[in-house]
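Me: I would like to learn how to read a sheet, a residue and a cavity. Can you walk me through them?

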Amino acid sequence: MSQFFSNCSVDALATAAQSLRAGALVAFPTETVYGLGADATNEQAVARIYEVKGRPADHPLIVHIADLKYLKQWIFDIPEYAIALAREFWPGPMTLILQRSNLAKDFITGGQNTVGIRIPDNSLALGLLLAFHKLGGAGIAAPSANRFGQVSPTSAEAVREELGSYLSEIDLVLDGGQSAVGVESTIIDCTGEYPRILRPGAITIQMIKGSTGSKVINYMESESDNLREVATRVSGSLENHYAPKAKVILDKPPFAGSGYIAYEFMETPQGVVRLAAPNSVEEFARVLYSALREGDRLSIEYIFVSQPIGEGLAIAIRDRLSRSSKGRDLNPD
Ligand code: TXA
Ligand code: MG
C-alpha cells in the first residue's frame, strides 16, 4: 500500500520529487483529472505505470513540465501556431502533440515520432514539477490515474479506490482535493499545417481559433466518422470497448431504480437516484466522473444522463458520454 499525503507542504513535495527521481510512482492532482506520474526518462518507472494501470504498452503518455523553458529539450520542432497556443493556454488543460526529440523515447511515445506535452494548472502539480526539475528531472510522464478502461479519478480518494491495491509502498498519492475542470485536457496535434483537435476538452475550438488565427481541424466536425476514428485511434482513446459497470443511457427519461445526471432544473422522477444536479456546464464537467463513480458504488445498473447542449465544454462532455453509452469507456487510457 502506498503512502497518502493529504497535507502537501513544500517538504512533502520535495520528498515526492525525490521518490520520482528514485523510480517511484506519484499520483498527483491536476486541474483536469488526477495523474499517475513517473520520471519520463526512467524506462523502468514508466513500465510500472503500464503495469499499475493495466494499460497496453503502445499507448503513448503525456509528459508534464512546469514551464515553457523545459519544452525545448523534448521536441524537435514547433510551428508558430503551437507557440501561440502554449503562450496563451499554459499552464492549462491542453496537451500539444509535437515532433519529438531524442529525449522522448519509444517507451513514452509508444514508438510514434511525436510526443504529447502539457503544463498543468494546479498549484500542487506545479510545485511537484518544480521540485522535480530542481533535482534535474526533465518531465513527469502521467496518464490519468485510473485502471485502463475505467473512469478518470477527480479526487485522491478515487485514485485510492482505483489503484490502491496496485501501488507499492514506495509510491505516493498526493491529495489536492477535487479537480477543478473534471474532464481530461484538450489534445491538439501540432504536427500538420493546421492545429487538429484529437480530444476535446476545456480549451475549445473557439479558443484555439482565437489564439492562432488559423483554421482548426476538429474531428468532431468532420464530414465522416472516418477522420474521427483515425484521429482517436492515434490518440488511443477509442480502440477499446471496456463497458463501464453501469450502462449509460443518454437523453431518455430515467426509470425507477436507475441513476440520473442532469442540470439542476431537470426534475428527478420518483424512485430515481439523483447522482448529480449541476447548474452550469463547468459544474457538469467537474462532477460527471465522480457521479458515475457514485453510481457504480451504489451498484446502480443504469445511469441516465441528460446531456448539456451547445458548444465549448459541452462538446467535451458529450464526447466522453457518447463513447460510454456505446459500451466504450469514457476514457480507456
Ligand atoms: O488531462 C489530461 O490530459 C490527463 C492529466 C493527468 O494530465 N492525462 C491524461 O492522460 O488524460 P491519458 O494517458 O489518460 O490520456 C492521454 C491521451 C491518450 O489517449 C494517449 O494515447 C494520447 O493522449 N497521446 C499521448 N501522446 C500522444 C501522441 N504522441 N500522439 C497521439 N496521442 C497521444
Ligand atoms: Mg486516461
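Me: In what order do the four strands of the open sheet stand, and is the pairing parallel or antiparallel?

Reply: This is a predicted model: local features need pLDDT of at least 70, side-chain atom pairs count only at pLDDT 80 or more, and totals for chains, interfaces and linings use all residues. Residues are numbered from 1 along each chain as its sequence is written, chains are lettered from A and ligands numbered from 1 in written order, and side-chain values use heavy atoms, without hydrogens and water. Helices (H or I, at least four residues) and strands (E, at least two) are DSSP runs, numbered from the N terminus. Two strands pair if DSSP finds at least two bridges between them. Here the order is 13-16-14-15, with parallel pairing. Strand 13 (247-250) and strand 15 (273-276) are the edges; each has a single partner strand, so one side of each lacks a neighbour in the sheet. From one strand to the next, the twist averages 30°. Axes are lines fitted to C-alpha atoms, for helices over the stretch in contact, and angles run from 0 to 180 degrees between N-to-C directions.

Me: How many bridges join strand 14 to strand 16?

Reply: Three, and the two strands run parallel. One bridge pairs Gly259 with Ile303 of strand 16.

Me: Is Ile303 buried or exposed?

Reply: Buried means under 20% relative accessible area, exposed over 50%, partly exposed in between (1.4 Å probe, protein chains only). Ile303 is buried, because its relative accessible area is 1%. Contact means heavy atoms within 4.5 Å. Beyond four places in sequence, the contacts of Ile303 include Val248, Ile261, Leu275 and Leu292. Lys247 is 56 residues away in sequence, yet 6.1 Å away C-alpha to C-alpha.

Me: Which strands does helix 9 lie across?

Reply: Helix 9 (residues 281-297) lies across strands 13, 14, 15 and 16, at about 135° to strand 15. Helix 10 (residues 313-325) lies across strand 13 and strand 16, at about 120° to strand 13.

Me: What is the volume of the largest cavity?

Reply: Rolling a probe the size of a water molecule over the atoms shows where empty space is left. A cavity is a set of points, on a 1 Å grid over the protein atoms alone, where a 1.4 Å probe fits but cannot get out; lining residues have an atom within 4 Å of a point. Points are joined across faces, edges and corners, and a volume is the space filled by probe spheres set on them. The largest cavity here has about 80 Å³. Its lining includes Ile197, Gln206 and Ile315. Helix 7 (205-212) and helix 10 each give two or more residues to that lining.

Note on methods. On a 1 Å grid over the protein atoms alone, a cavity is a set of points where a 1.4 Å probe fits but cannot get out, and a pocket is an open set with protein on both sides within 12 Å along at least five of seven lines; lining residues have an atom within 4 Å of a point.
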